Amino acid sequence: MNIEELIETEQQERERQAGLRNRILCCSVAGCTAAAGSAAIRGSIEAAIQEQGLPGEVEVCGTGCLGLCGHAPCVRSANLNETYHDVTAADAPYLVRGDRSRFEGRTVRDTDAFYAGQCRVVLENAGRVDPERVLDYIAAGGYKGLLKVISEMTPFEVVEEIKKSGLRGRGGAGYPTGLKWELVARQESPVKYVICNADEGDPGAFMDRSVLEGDPHRVLEGMAIAAFAVGATQGYIYVRGESPLAVERVRTAIRQAEREGLLGNRVLDHNFQFRIDVRIGAGAYVCGEETALIASIEGQRGTPRPRPPYPPEKGLWGAPTLINNVETFANIAPIIRKGSAWYASMGTAASRGTKVYALAGRIAKPGLVEVPMGTPLRTILFDIAGGVPAGYAFKAAQTGGPAAGCIPAQHLDVPMEYESLQAIGSMIGSGGLIVVDNSVCMVDLARFFMEFCMDESCGKCIPCRAGTVQMHDTLDRIIKGRGSEADLDLLAELAGLMRATSLCGLGMAAPNPVMSTLRHFKDEYLAHIHEHRCLAGSCTPREEVALV
Amino acid sequence: MRVRTLEIDGQMMTGAPGESIFNVAWNNGIHIPRMCHLGGLTDVGACRLCLVEVEGQSRLLPSCMTPVREGMVVRTNTPALQKHRKLIVELLLAERNHVCAVCVANGACELQDLATSLGVDHVRVRYRHPQCEVDLSHPRFGLDHNRCILCSRCVRVCDEVEGAHNWDIGHRGTNARVISDFGTAWGDSESCTSCGKCVQVCPTGALFSKGASVGEMRKDRSFLKYIVTAREKHQWIR
């Protein structure tokens, strides 16, 4: 496909879609398909279209995550601008007919707070594009960013554009993306690589998986633009094997893009070549760390190595390597299409753009939301996601999985951006948000995350390998009512050691949930130690008396 | 060749480009503690004992893997570093069953020496007392996982110097173990050449020669210098 053909294809597909009376889009990411059977519903809608004699007028297709994962499956009616949740196969004829009365109480309009409160950039195609059809993506303006960089821009200009946008890495560390690209672009090497880190493993986080399953071409386009900017010809997407649907969608998308000449030897019939291969991880959390991920792609044991040298200098097989997270790549195409000024106009001065959050735990509407950086936590949880269900009280929100900390109720108005969260001992991390209610013991929560880190430690460096075990045992002792105040000092000392001396981010960040719960909920620790009781009432600490 | 001039613990020193802080310090009489580093083998930066403070760097850097730079100011023995090293050694001692009194390497153990030199007179974390296996299937050598600190010297010497790659690390986290071939008994290994290099580089009593009793195991590493020097100077082809 060359440039003229891409534009023509976009026109044709748009006209075709405009000629339809309605498009019914069933969410087809794993939450709705595997857990709630949206594929079967899609079949019934197909049958209902036949029955009502509307083929060619009404169309049913899959689409990316509609956001209401806690009320799956979700279906969207394109011309009514409405999304219905908890849909069953029996609803199919009503959906086709456009009978809205059937869905009373199950309808979320685009003007409702859930959608109106959001600002969708990464998720802009959710509810518009079928992830399995490249034409759909093209009709929605897809690959226009790639077209623009190839036909109008120099690699230097692309890097400058990303720098100006203020985009920061969405994998957790928040390193400025443009600077990283510049580092790789500056390296003189005949071989360079672009890697997409899709090894999302935080408990409660599913943003990256949803993006890959719901809009894989967007990630491919972002990677291709990055490859053009830094001078790479080969890319890898490292997906964890626990997301088989994401692997399948990405593979389909790569095949389609290659067939259409959007990837391969002559991208868009220009003198630019770029190929992408999929590498499947075996599910080790530490393989999300960039050097461990690179080792894993190389076929080695997935353990991190000390940095520097950083991957932009010495990465995959020793070559300069650009490694970005899925969500980071998903932001690239819109930035190029709409300009860095548009992107930089969202968010705050230090944190530009938007961020996708995966909401889980005790919340009315668990699922995916995307809001501008700096949106207060209260707005996300209470205005958009409907707050905590009746009968429960908000206690804290755990951000960023096992690497970050909790945000207690008194900090609900904190703007969600990198620096503000750091100031209160937490971080955005990859974007998981687990809402915890009053029935959860914070010491137990800290122990849960420490157990996770203990299990996922690779064992290479001592502070992480042995430190996580000792911290976990100390927390366990406190929970069982056998702890002492000296144990709190020990926790602090171990935390200090792990933060300062661990080899990679896993060990450095593992103490964060403990230290943040100790900071905000010390009374719960002390109640376990002194009174042998749990303030939340969820664990039953009791002094065990040995009668030997 | 232009030398690099830097300051380590207040002394001015010079090193070759690409040389590590650890080496330069060692050559000038400053012995930074270490467990995984061994001259002649590639470095992995795993034990975190040789971490040093470098002025202008917010993080501690592993001296074995950080090349010297012109004008660098390095501190190798600050109170904070001493505190970290002590706790690391305590974690190591508590992790498995390091019972010096009944260990073959008693008196010639790098972990023991390090604990003594750092002043580790007690361990503040709880001993874990894990159940670890002892592999005595090899006719000449034994592997006692109770004493292993996972420094991976054996893995590297077998791969890089002997070229056999019998050893590797299996499993993860606290369950990580040195494994022979694909986790078979050492005696059944098809790749092991029985050269014994792994035994000689092991810093503790984890790898030992059969027949050595308590406190009798002595390690001889002269072969390593001999081989590595010969290799670097291409003496093999003369």
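**Ground rules.** I kept to a predicted model in which local features need pLDDT of at least 70 and side-chain atom pairs count only at pLDDT 80 or more, while totals for chains, interfaces and linings use all residues. Residues are numbered from 1 along each chain as its sequence is written, chains are lettered from A in the order in which they are written, and side-chain values use heavy atoms, with hydrogens and water left out.

**Cores.** I looked up the nonpolar cores (sets of buried Ala, Val, Leu, Ile, Met, Phe, Trp, Tyr and Cys residues joined through side-chain atoms within 4.5 Å; buried is under 20% relative accessible area with a 1.4 Å probe, protein chains only). The largest has 107 residues, and A:Tyr143, A:Trp181, A:Val194 and A:Leu381 have the most contacts inside it. Helix H11 of chain A, residues 216-230, gives the most to this core, with 10 residues. Helices here are DSSP runs of H or I with at least four residues, strands are runs of E with at least two, and both are numbered from the N terminus.

I then checked A:Leu381 for contacts (heavy atoms within 4.5 Å). Leaving out residues up to four places away in sequence, A:Leu381 touches, among others, A:Leu359, A:Ile363, A:Phe394 and A:Val435. A second, separate core of 103 residues includes A:Tyr238, A:Val286, A:Val443 and B:Leu87.

**Sheet in chain A.** I found 4 strands in an open sheet, ordered S8-S7-S6-S9, with parallel pairing; strands pair if DSSP finds at least two bridges between them. S8 (275-281) and S9 (321-325) are the edge strands, each pairing on one side only. Between S7 (residues 234-240) and S8 of chain A I noted 7 bridges, and A:Gly235 stands opposite A:Ile276. Helix H12 (residues 244-259) of chain A lies across S7 and S8, at about 170° to S8; the axes are lines fitted to C-alpha atoms, for helices over the stretch in contact, and angles run from 0 to 180 degrees between N-to-C directions.

**Strands in chain B.** S3 (residues 51-54) pairs antiparallel with S4 (residues 61-62) over 2 bridges, and B:Val52 stands opposite B:Leu61. In this hairpin, with 6 residues between the strands, B:Gly56 takes a positive phi near 90°.

**Chains A and B.** The contact takes 30 residues from each of chain A and chain B. I read a buried area of about 2,700 Å², 59% of it from carbon and sulfur atoms; this is the accessible area (1.4 Å probe) that two parts lose on being put together, summed over both. I counted 4 salt bridges between the chains, a salt bridge being a side-chain nitrogen of Lys or Arg within 4 Å of a carboxyl oxygen of Asp or Glu. One of them joins B:Glu95 to A:Arg465, with the closest N and O atoms 2.7 Å apart.

Terms used: Buried < 20%, exposed > 50% of the residue type's maximum accessible area, 1.4 Å probe, protein only.
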